Amino acid sequence: MVLARHNDRTVVTMENDYRGDPREFAMVVPVPTVLSRGQIHVGETKVLDHLDAYTAPRLVEYHDPDPCEVERRMRRSLDAVSESVVLPASAQPGRASGVTVEARYSVGEYDVVILSATESNGLEGWLRANGYRLPPAAGRILGSYIRQGLHFFVAKVNLERHQGLGRSTLRPLQIAYESSRFMLPIRLGTLNADGPQELFVFTLTRAGRVEPVNYRTARLPTGMNIPVFIKNDFASFYRDMFDRQVKTEGMRPVFLEYAWDMAWCDPCAADPLSAKELRQLGVFWAETPSQSGAQNVFVTRMHLRYDATTFPQDLILHETADRTNFQGRYALQHPWQGESRCAASETYLAQLPARWDREALTLAELTGWTLEEINRRMDRKVLTVEPSPTWWQRLWKQ
């Protein structure tokens, strides 16, 4: 979910990771107003993919310098430096049983209906009568939205138009509206889920970071040095690290993965989004697509795993004035490889085993992996170091 918001204007982009027969897909989203056809749009997945890549957790590589060169620079009162590389670590109105069909639209591959209702039984009955399959507990949650005066954005796939597009996936749906409510309804998604739901929420705002009002925000661990073999297994590392954080926290907080001013990054995991891409995601205050340069957009990336027990309420969001940057960032420290030419290199190599022990322990604490498994995968090969030659041996190459 991507929410672009400024003042009372909100644009929501919804991408579902749906697997199955498209005839079985339907989306019911509470909305604060009756939407016109012009307030509904079909977006492009590639823009969401770019936003995901730009805000993704990052793996950073550092390479230790030659200890002898460091020693020489220290003698000249210069700072030691390390070379670093960053890895680029989704109408005809009518009434029935208290339900009003406010509008019907055809939008891309979707058929959309806007409904209002006065009681949950009537809404539930209307949806079932029109081919929507609802879980048994749907009436209770639908009723809570009705009491709040919300309307319902209902979408399902038009198979003929979907097949005509020649696509295997569904494009994201977008809606734009004006409301003082800054919230994300998540409870309906728990009803037909076969387990906890995984949700990524991106917000694009002007003032600063967004956080939930009614749930705690937890920052994921960041800035740790981990063993270099993770370079080839970063996805597994991050998945298991997130799993462990969720279990430790009892699946109750919303985790902050990224918060940054999109005018710059240090460094970028992917190029910042262009003005055109930002406008495609609903950033109506951005410069026109023909213009370039830094944009006044602050992006927040939140990640939560939830079910009806741990997240019994919808997300009520709040835009803060906090523009402090945050990113999930994990460092790999490659050991120096080279010929020993001084006593400093011998000291450096003697200290490596202790550093590797610390990295292994950090990885075990983050992921729950066993030290035995981690040590088996680590390359702890230590260079064979010959005694440093004397100056006269170097002179005559003895």
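A residue counts as buried when its relative accessible area is under 20%. The model toured here is predicted.

**Whole chain**

Start with everything displayed. The protein chain holds 10 helices and 21 strands. Of its 398 residues, 47% are buried. Its accessible surface comes to about 20,000 Å², and carbon and sulfur atoms account for 49% of that area.

**Strand β10**

Select residues 151-157, which form strand β10. Here 6 of the 7 residues are buried, so the strand is largely enclosed by the rest of the structure. Pick out Ala 155, which lies in this strand. Ala 155 counts as buried because its relative accessibility is 0%, and the cut-off is under 20%.

Tyr 110 and Ala 155 are 45 residues apart along the chain, and their C-alpha atoms are separated by 6.2 Å.

**The partners of β10**

Which strand, made of residues 110-117, pairs with β10? Strand β9 does, in the antiparallel sense and over 6 bridges.

Next select β3, residues 26-31. β3 also pairs with β10, in the antiparallel sense over 6 bridges. Ala 26 has Lys 156 of β10 as its bridge partner.

**The largest cavity**

Rolling a probe the size of a water molecule over the atoms shows where empty space is left. The largest cavity contains about 120 Å³ of space. Its lining has 16 residues, and those closest to the centre are Val 12, Pro 30, Tyr 177, Met 183 and Pro 185. Colour by element: β2 (9-14), β3 (26-31), β11 (173-178) and β12 (183-184) each give two or more residues to this lining. Which element gives the most? β3 does, with 3 residues. Coloured by residue class, the lining of the largest cavity divides into 14 nonpolar, 1 polar and 1 charged.

**The second largest cavity**

Move to the second largest cavity, with a volume of about 40 Å³. Select Met 14, Glu 15, Asn 16, Phe 25, Met 27, Tyr 110, Leu 170, Arg 171, Pro 172 and Leu 173, the residues that line this cavity. Tyr 110 has already been selected, as the residue whose C-alpha atom is 6.2 Å from that of Ala 155.

**From β12 to an open sheet**

Go back to β12, one of the elements lining the largest cavity. β12 belongs to an open sheet of 3 strands, in the order β12-β19-β14 with antiparallel pairing. The edge strands are β12 and β14 (210-212), each of which pairs on one side only. Select β19, residues 315-319, together with β14: these two pair in the antiparallel sense over 3 bridges. Within β19, Leu 317 is the bridge partner of Pro 212.

**Helix α3**

Finish at residues 120-129, helix α3. At its start, a side-chain oxygen of Glu 119 comes to within 2.9 Å of the backbone nitrogen of Asn 121. Which residues of α3 are buried? They are Ser 120, Gly 122, Leu 123, Glu 124, Trp 126 and Leu 127. In an α-helix there are 3.6 residues a turn, so residues three or four places apart point the same way. Last, select Gly 131, which follows α3 and has a positive phi, near 90°.

Technical notes
Residues numbered from 1 in each chain as written. Predicted model: local features only at pLDDT ≥ 70, side-chain atom pairs only at ≥ 80, totals over all residues. Heavy atoms only, no water. Buried < 20%, exposed > 50% of the residue type's maximum accessible area, 1.4 Å probe, protein only. Helix = DSSP H or I, 4+ residues; strand = E, 2+ residues; numbered from the N terminus. Polar contact = N/O pair within 3.5 Å; in protein donor to acceptor, adjacent residues only side chain to side chain. 1 Å grid on protein atoms, 1.4 Å probe; cavity = no way out; pocket = protein on both sides within 12 Å on 5 of 7 lines; lining within 4 Å. Points joined across faces, edges and corners; volume = space filled by probe spheres on them. Nonpolar A, V, L, I, M, F, W, Y, C, P; charged D, E, K, R; others polar. Areas by Shrake-Rupley, 256 points an atom, 1.4 Å probe, with all protein chains shown as cover. Pairing = 2+ DSSP bridges.
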